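Me: Please take a close look at a single part of this model, and at what surrounds that part.

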Amino acid sequence: MPRIDNDIKLDFKDVLVRPKRSTIRSRADVDLTRSFIFRNSGLTYTGIPVMAANMDTVGTFEMAKAFAKHQMFTTIHKHYSPAAWKEFVDNNPETLEHVAVSAGIAEGDMQKLSDILELAPQIKFICLDVANGYSEHFVQFVRDVRKKFPKKTIMAGNVVTGEMVEELILSGADIIKVGIGPGSVCTTRKKTGVGYPQLSAVMECADAAHGLGGHIISDGGCTCPGDVAKAFGAGADYVMLGGMLAGHNESGGEMIEKNGKKIKLFYGMSSATAMKKHSGGVAEYRASEGKTVEIEYRGEVEATIQDILGGIRSTCTYVGASKLKELSRRTTFIRCTQQLNEVFTAFTTQH
């Protein structure tokens with residue numbers, strides 16, 4: 001019999017962060033780097049744990065170069081060839097601490113992953129990514145990858161509940177991707193009715209992961225730097241971004257001119273656009289669970305990076321966290337019915 005969970009679940013838009021007395025003089029005094037030791041690989045990571053998503057319009061080699069300059073992380077999309085990976089690794093050794101090779105669980109994915117890691121053994125991170133991280137087949141795939149690559153740090157997802165976070169960690173994953181349906185070009189919730197408000201998902205999954213010595217990524221749902229800060233405040237170890245990074249020089253996809261404006265396409269990896277590009281079309285047994293949008297060209301990603309990092313630093317100064325590590329301990333969320341004063345939204349210009 002169906003049942004209803006009456007506990008209130010919240011999204012980023014449902015809360016604000018309460019300010020607290022702070023002794024921090026300047027945003028410049030805030031340290032955004034984190035250091036982690038991973039439960040199953042035993043490897044370590046030090047950097048700013050903001051991630052570019054493994055979408056082929058975001059998780060590009062070009063994005064990885066721009067992100068690595070700030071010690072930020074990129075999960076490279078799974079459609080690059082082993083030869084392209086070999087060339088990238090040989091020419092960009094400074095990025096290797098901050099990139100992951102991605103794979104799904106389709107036929108041939110394990111072989112391609114093995115080929116890439118054989119050509120580029122310096123890569124330390126593997127991202128195993130499926131839309132539905134609840135399948136037994138996926139759990140077994142995580143076990144198989146852990147057995148084959150015992151010294152690699154494995155990211156796996158996506159899930160939104162504590163018990164599945166625990167199962168994936170106990171099956172060999174180090175970092176769990178959390179989020180079903182919150183992404184800007186994801187239509188899973190519309191097509192399937194399945195999902196979980198992202199703030200609550202992050203809080204519950206972080207609690208489960210940290211209890212086992214694991215880590216989580218908040219994947220999807222961030223629309224502005226304030227949302228990124230809220231995700232960290234909720235306990236996320238990493239925050240993964242897609243739409244906020246779309247439309248830049250470093251974002252994949254061709255530039256098109258429309259009505260005198262430069263446009264880049266951005267689409268979900270389960271969209272008809274992506275499936276047509278990589279799989280020859282949408283299989284007849286499934287529906288597209290992503291949409292394709294046109295984004296006005298936004299230039300170099302550097303300005304967006306500075307905007308995001310500046311916002312997080314400012315959040316830290318409001319709550320008295322001198323390090324990003326302290327943010328979740330100093331965060332109190334206040335439920336609200338309105339985030340922003342929208343009266344002049346239609347007149348806003350970017351400067």
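Reply: Asp219 is in contact (heavy atoms within 4.5 Å) with Asn158, Lys177, Val178, Gly179, Pro182, Gln198 and Met240, leaving aside its neighbours within four places in sequence. This is a predicted model, in which local features need pLDDT of at least 70, side-chain atom pairs count only at pLDDT 80 or more, and totals for chains, interfaces and linings use all residues. Residues are numbered from 1 along each chain as its sequence is written, and side-chain values use heavy atoms, with hydrogens and water left out.

With Lys177, the side chain of Asp219 forms a polar contact of 3.2 Å; the term means a pair of N or O atoms within 3.5 Å where, within protein, one must be able to donate a hydrogen and the other to accept it, and residues adjacent in sequence count only if both atoms are side-chain atoms. Asp219 lies in strand β9 (residues 215-219), strands being DSSP runs of E of at least two residues and helices runs of H or I of at least four, numbered from the N terminus. Asp219 counts as buried because its relative accessibility is 14%, where buried means under 20% relative accessible area, exposed over 50% and partly exposed in between (1.4 Å probe, protein chains only).

Turning to the cysteines, Cys205 is also buried, with a relative accessible area of 0%, whereas Cys186 is partly exposed at 26%. The count of disulfides (pairs of cysteine sulfur atoms within 2.5 Å) comes to 0. The sulfur of Cys186 is too far for a bond because the closest cysteine sulfur, in Cys222, is 14 Å away. Cys205 is in no disulfide either, and its nearest cysteine sulfur, that of Cys222, is 15 Å away.
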